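Here is a short briefing on one protein model.

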Amino acid sequence: MKKTIIVASLMCLAAIAGCGDSGSRGYQQPTQNQPAQKPKRPPTPEEALGIETPGKLAASVEAWASSNELGDYFKQSRERLLRLHAQLIEDYNVRKESELEATDFTRETLRKYREAFDADSTLRKFMVECYSRKEVRPLPQAISRWFTTASEDRGEVREHIRSAPAEIERLNAEFLALRSEMETAGTSTWSQEKELKTWRDLQIRVGDISARANKASASASALAANMAKAVRSIGGAEDVDALSDKAEQLKMDFASFAARAAQQLEIINGQILITEFAANCKDMADGWIAVPAALAKKKARQSEIKELVSRITSSRTRGYSDLNILAQQAAAIKSRSQREGEKEAELGKRVQKLAGNYESVFGSSAIYRLKRALPEPSAQARIDADLAAFKRAANIPADSNPAGFFAGIESKAYQLADRMEEESLLKRMDDTLLTVQRLAARRR
């Protein structure tokens, strides 16, 4: 018995000692650094768009359905989903490259895809039901509108073949007209310099050409798809093959032309931005010189008015002998004030507006946004050149904060545009002249 107790005690001690070693080992620092976590992979376009992959259909069901209209419905469903999926992925890639959120087209196509996905799911469930019963039943009413029967397809194909020649002729005529209009508009390049009005007129013309080209390109693509379907359905008919070839050629021609028109429109839109910025730089540079000079001239004229008021007031001491001459001088300076003041106010308001909005026109953030809208390096270089020329004309150091300079010219422009002080002086001059003329009349 004693021996048993002694053995048990030794085993407990050994266990405790082992636990102590284990604990001390637990506090040891790892000899190697933990491997860094792998960065998360970016979401796939499908994940970003939130679109699901359509479910599978058992091979046995698909083989059974291939001999009846259910197989045609399933093929239609998958072709529809593939087409919408391709449109969504292309739209996603273009938006990502353009740094844009979802557009109306994105939302509309997503809605169509989800509706088609739901219809496909319902169809697969229905096909499995029919397969299990070994009988083909009419489509459920909820999805029947999504599918056409073989006879309907044949009728649709015949209609496409019948209408194709007229549609090809119409699209050919539109292509020739658009090409002629584009030739008349001329080719715009980034190196050209034109008046702002000229660029805006081109923007309207080429914008209309681009819109019509995109619309015609969509029609040509639809025609080519319809004729490709007709070729698959008819098979071997030379007249149908010829129509399909013409439709495919139109599709390629319009796609190429639409891309060229879009490129021309991009250049024109960019040239408008550059020309507007150059005009702002020139207006600001001219105003920087013109405003102080005009303000000095205005203050000199105001001093003339004050001096004339003083001479009119003192005319009594000279027996009113010079009153008629003073009246003529008052009329002349009033006319000059109104004539010159109108131009001064226009200049002052224009420069005041530009100077007040300098951050949104000339600020670093504004320049950054402007350059982002102009991917062409030569266009960006023109922006830098115009900005540098303006700063030289205004004596603004290249590396300085222009806020203080703009605040100063904005204050002077405000004074130049403000007519209240001078109008008050002119009224005082008129009132003084009238009073003195009445005194002179009584004396006589």
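**Two packed helices**

In this predicted model, helix α4 (residues 69-98) packs with helix α5 (residues 104-133) at an angle of about 155 degrees. Their axes are 9 Å apart.

- Angles over 145 degrees count as roughly antiparallel. α4 and α5 are therefore roughly antiparallel to each other.
- The crossing of α4 past α5 is left-handed.
- The contact of α4 with α5 has 15 nonpolar, five polar and seven charged residues.

**The loop between them**

- Ala102 sits in the loop between α4 and α5.
- Ala102 has a relative accessible area of 35%. Buried means under 20% and exposed means over 50%, so this value falls in between. Ala102 is partly exposed.
- Ala102 touches Arg95 and Arg107, leaving aside residues up to four places away in sequence.
- Asp91 is eleven residues from Ala102 along the chain. The C-alpha atoms of the two are separated by 8.9 Å.

**The two faces of α12**

- Which residues of helix α12 (residues 364-372) are buried? They are Ala366, Ile367 and Leu370.
- An α-helix has 3.6 residues a turn, so residues three or four places apart point the same way.
- Ser364, Tyr368 and Arg372 are exposed, on the face of α12 turned away from its buried side.
- The buried residues of α12 pack against α9 (238-313), α11 (358-361) and α13 (377-393).

Technical notes: Residues numbered from 1 in each chain as written. Predicted model: local features only at pLDDT ≥ 70, side-chain atom pairs only at ≥ 80, totals over all residues. Heavy atoms only, no water. Axes fitted to C-alpha atoms, helices over the stretch in contact; angles between N-to-C directions. Helix = DSSP H or I, 4+ residues; strand = E, 2+ residues; numbered from the N terminus. Parallel < 35°, antiparallel > 145°, perpendicular 65-115°, else oblique. Left-handed = near helix turned anticlockwise from the far one by under 90°. Nonpolar A, V, L, I, M, F, W, Y, C, P; charged D, E, K, R; others polar. Buried < 20%, exposed > 50% of the residue type's maximum accessible area, 1.4 Å probe, protein only. Contact = heavy atoms within 4.5 Å.
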